[in-house]
Amino acid sequence: MREISSRYEHVSDYVGRIGEKITIDFTMIDRRYIRDTDSYAVYGYSGNNLIFYWANKLDKVCEVGRIQGRVKSHRKDEYRGNARVTTLNYVKVL
């Protein structure tokens, strides 16, 4: 997982503009269940760009496929070598 993530850390760029609805091809790198929020933190990539979103049900976790969502934020992730990560909201698996 760390090796795959590191491939994209230096080339990743932000996807879309904040508030914009986007549809992308998505490949999951990591999924973690967070007990405090009772949801899954989903981390992956689309093209060369890193993507993150929260899923409240397991059926909203996409391993490989197309997802649609609204761009919530753009940030540099200090845990992933300051990689540019786009955070999505209202994600649907297509």
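Y53 stands opposite L88 of strand β5 in this predicted model. Local features are reported at pLDDT of at least 70 and side-chain atom pairs only at pLDDT 80 or more, while totals for chains, interfaces and linings use all residues. Residues are numbered from 1 along each chain as its sequence is written, and side-chain values use heavy atoms, leaving out hydrogens and water. Strands are DSSP runs of E with at least two residues, numbered from the N terminus, and two of them count as paired if DSSP finds at least two bridges between them.

The pairing of β2 with β3 is antiparallel and extends over seven bridges, one of which links S46 to N49. Two residues separate these strands in their hairpin, where G47 in the turn has a positive phi of about 65°.

A polar atom of the N49 side chain lies 3.0 Å from the backbone nitrogen of D13. Leaving aside residues up to four places away in sequence, N49 touches S12, D13, V15 and G44, where contact means heavy atoms within 4.5 Å.

Turning to β2 itself, eight of its eight residues are buried, so this strand is largely enclosed by the rest of the structure. Seven bridges also join β2 to β1, and the two run antiparallel; Y33 and Y40 are bridge partners in this pairing. The hairpin of β1 and β2 has four residues between the strands, with D38 in the turn at a positive phi of about 55°.

Another antiparallel pairing, that of β4 and β5, is made over nine bridges. Here K76 has R84 in β5 as its bridge partner. Five residues lie between the strands of this hairpin, and G81 takes a positive phi near 65°.

The largest pocket holds about 160 Å³. A pocket is an open set of points on a 1 Å grid over the protein atoms alone, where a 1.4 Å probe fits, with protein on both sides within 12 Å along at least five of seven lines; lining residues have an atom within 4 Å of a point. Points are joined across faces, edges and corners, and the volume is the space filled by probe spheres set on them. The lining consists of D30, R32, A41, V42, Y43, F52, R75, D77, Y79 and R80. At least two lining residues each come from β1 (21-34), β2 (39-46) and β4 (64-77), with β2 giving the largest share, three residues. By class, five lining residues are nonpolar, none polar and five charged. In this scheme Ala, Val, Leu, Ile, Met, Phe, Trp, Tyr, Cys and Pro are nonpolar, Asp, Glu, Lys and Arg are charged, and the others, Gly among them, are polar.

Conventions:
A polar contact is a pair of N or O atoms within 3.5 Å; within protein, one must be able to donate a hydrogen and the other to accept it, and residues adjacent in sequence count only if both atoms are side-chain atoms. Buried means under 20% relative accessible area, exposed over 50%, partly exposed in between (1.4 Å probe, protein chains only).
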